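Welcome! Here are some exercises to work through with the sequence and the structure side by side. Try each task yourself before you read its solution.

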Amino acid sequence: MSTPDETPGPERADTPDAPSPAVPPDAPGAAVDGAAHTSSPVGRLAATVERLRREVRAAHAEADGRALVEMAKGILIERLGYGPSQAAQQLATLTGRTGLTLLELAVDIVNEASRDDVSHVAAEFLQRTASSPDSQARPSAAVRLRTAESGILAAGDTQAMAHALLHNALRPLGACAVAIWTAHGDGSFALAGSAGFTPQEAARWHHVPPGVTTLARRALDEREPIILPSLIDTATPSLGRKDWPRGGRMAVPAGTGGRLHGVLEICWPGPLPPQPPQIVRQIEALAQLCGHTLETLPAHNAPAPLHQPGMAELIDLAEGVSDPLLLLTPVLDSDGHLVDFRIRHVNSQFADPAGRPPAQIRGALLLEAYPLAAEDHGLYGKIEHVHATGEPFRARHMNLTALVDQVPLTAVADVSISRVGEALVLIWRIEDETVRLASLLQHAQRLGRIGGFEENLTTGSITWNSQLFDLYGRQPTLAPLPLRELAAHAHPDDRTVIDRLLHTVFQYRRPASAAFRLRRADGVTRHIRVIAEPVLDTDHQLRTVRGAYQDISSQHWTEVALHATRDQLAYSEAESEERNRLALQLQHAIMPPSQGPLDLPGLSVAVRYRPAATDALVGGDWYDSVVLPSRKILLCVGDIAGHGVGAATSMVVLRNALRGLAVTGAGPGQLLSWLNLVAHHLTEQITATAVCALYDPRTRVLRWARAGHLPPVLIRNQKAQSFPLGRGLLLGAIPQVPYSEQEVQLEQGDILLMYSDGLVERKDLALDDALTQLLTTATGPDQSLEQRLDDLLSHSQSDTDDDTCLIGIHIT
């Protein structure tokens, strides 16, 4: 644990410093600025420092080379069982055979042993270009990767670091540009370094304000690599989009120890194919290396860093805060990964939700002191996010849970988390129960539009809350109005109700309520309910009157509208019932539900009519049988589309029209053509189906035609069969329709059935199957016409709740 005068930083195990590889000669930032004047003392001093720096880098590179050679020898000793001298001799032999330098061969052996996939992919890239004239001059992929790491570590600023990344590691993977973003605590981004972009493009993107959803923003929020195969699939704004509109992108968070310093964004000129996991992991390693350097390297043209306060200064600051405050520092494992946060200090105002003293909390790990903070979307996740991104977190009414004897105890608090250097400042303000209940009451009064008041009759003081001023439309700077003056602000017709309220409260000293119309100074009238109760002292003297006003205007107008709707509904229901009753009477007057057999010349007719299951559904089914002047008999059945009064009146029109037309002596086809004109030119534009037949008793010949209706059924010798379908469109669809006629020679004892579709239609059965069931039911033993019709109705399986009309004709 650091002492109070230490600068806050992450706790971790001590690890030896890794040697810094040398910068390649072509890496940006490797040369001394040519503009330096070596003639001046300052210039000579700068040249000397630069020369010594190059010598140090060369010494580091030489040490790294020796270490790699010795590591390669160790691999040969371990894998092939060689001795030290044999391993050295084998390296020399392989160097001569491959044409590689000793360092390049050692790097390849080490990479093969560790399965360095980026080096493997880069080697494949170099092999594909081996046929080029300068292929012999290209360094191996492993050396390029190590050179990139060396360039990053030795770069003077982030601009040089970006050039080293692109030139030495990413171009072999097909990348064309790279951008290094620095994340700021306010949610903004700064372009710390870039390579492959034009200076104009880099200048346009030097700063990205908070709230702009870029690829870097997504990577930082999700804290994992974001890979876009092509920019064509997204509308996310991005650096260099105009130059490579179809290019692929990869954005990788750059950070160490759980803290994200920025984002490494890589651009490809064309669509990016799926990358192997090994490539992604190696790029993540490069991004982590960028995160290390972003802590120490300045951004390109960046201002001087601000002073970071030490722990002693933060403790002094914490003690000056009136709210409970905790100072946290990150705790890292040996690999540099964040594992927890140490509670370095709690101020004197600190209040633990579990009631523990500050000394018991100070110095403990956060997850040891508050293990339930690690739950999903809990406090630990918020602290970790602030530590990683630097973006402050604010929340109201957040639950804080602590374990007290293994019992979770939850408190509600307003939470604030900020990052200062490597430390985090956590402030929580636990809500007092009284304050929380007062806030809840205030919100309840606001939602219920309730205003409270209290009048002290001894001192004359009157207290109104803000809601009551709003109800009255009165400025809070004005004096509240006493309850006795209520009538002066109410509608004159409500004076009696208010007088009764005042008399009950002030004379009888009992609680009372009243509803009245409040007329405000702005001309608005509100419907108000007031409730008042007297408060008596120990001597039963009236000292205070308190109560509440509630705005019930919306409730009043809702009740008014509801009463009007109920009245209209009752009138509509009565009117509908009367209309259906008259239609049903009309229907039954023309077609009674049952009718005895009719004795006509040469035949006997029986009729059955079954109304719809619901009395409100007055249908339009109709039938008729009449002897014409020609001694022929007109037999017909029809069905009007729809229900109600319109269907019943249309049925009467068509039935009477067909009777009148039939006296002309025309055949059934012509009669239906005329009836179609009648239906088409009616005002309601009705449609209907019908079957019309003319029977000649002298010859027993039946001529019939149909208009969209089901054909008749003939029962002969106890076997039923349906008439063939003839051409004929339903009535009323179009003005001119031809109807074909058919003739059937009937015999004595035949039974003819004419019916409407309500006899056979089912919702779950095809019409052909329903007709087959009807023919099966109609085929049966010999029985009277009345019994046969009753059996057909009783065995009908129709479920459409439609009218059913059935005519039975027995040839005698």
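This is a predicted model: local features need pLDDT of at least 70, side-chain atom pairs count only at pLDDT 80 or more; totals for chains, interfaces and linings use all residues.

**Exercise 1: charges over rings**

Solution. To count as a charge over a ring, CZ of Arg must be within 6 Å of the ring centre. Now try Arg356: its charged end sits over the ring of Tyr370, 5.1 Å from the ring's centre.

**Exercise 2: strand E6 and its partners**

Find the strands that pair with E6 and say how they run.

Solution. First locate E6, which spans residues 259–267. Then take strand E1 (residues 177–183): six bridges join E1 to E6, and the two run antiparallel. As a landmark here, Ile180 stands opposite Leu264 in E6. Now take strand E5 (residues 249–256), which is joined to E6 by eight bridges, again antiparallel. In this pairing, Gly255 stands opposite Leu260 in E6. Follow the chain from E5 to E6 and you will see a hairpin with two residues between the strands. Gly257, in the turn, has a positive phi of about 60°. Finally, look at how E6 is covered: nine of its nine residues are buried.

**Exercise 3: rings that meet**

How are the rings of Trp181 and Trp205 arranged: stacked or edge-to-face?

Solution. The structure holds ten aromatic pairs. For Trp181 and Trp205, the ring centres are 6.4 Å apart and the planes stand at 70°, so this pair is edge-to-face.

Phe197 lies in the loop between strand E2 (189–195) and H7, and Trp244 in the loop between strand E4 (226–228) and E5, so the pair ties together parts 47 residues apart in sequence. Phe197 and Trp244 are both buried.

**Exercise 4: a cluster of rings**

Which residues do ring pairs link into a cluster with Phe453?

Solution. Begin at Phe453 and pick out the other members: Trp464, Phe469, Tyr472 and Tyr549. Ring pairs link these residues and Phe453 into a cluster.

Notes:
Residues are numbered from 1 along each chain as its sequence is written. Side-chain values use heavy atoms; hydrogens and water are left out. Buried means under 20% relative accessible area, exposed over 50%, partly exposed in between (1.4 Å probe, protein chains only). Helices (H or I, at least four residues) and strands (E, at least two) are DSSP runs, numbered from the N terminus. Two strands pair if DSSP finds at least two bridges between them. Rings of Phe, Tyr and Trp (its six-membered ring) pair if their centres lie within 6.5 Å; planes under 30 degrees apart count as stacked, over 60 as edge-to-face and the rest as tilted. A charge sits over a ring if NZ of Lys or CZ of Arg is within 6 Å of the ring centre and within 35 degrees of the ring normal.
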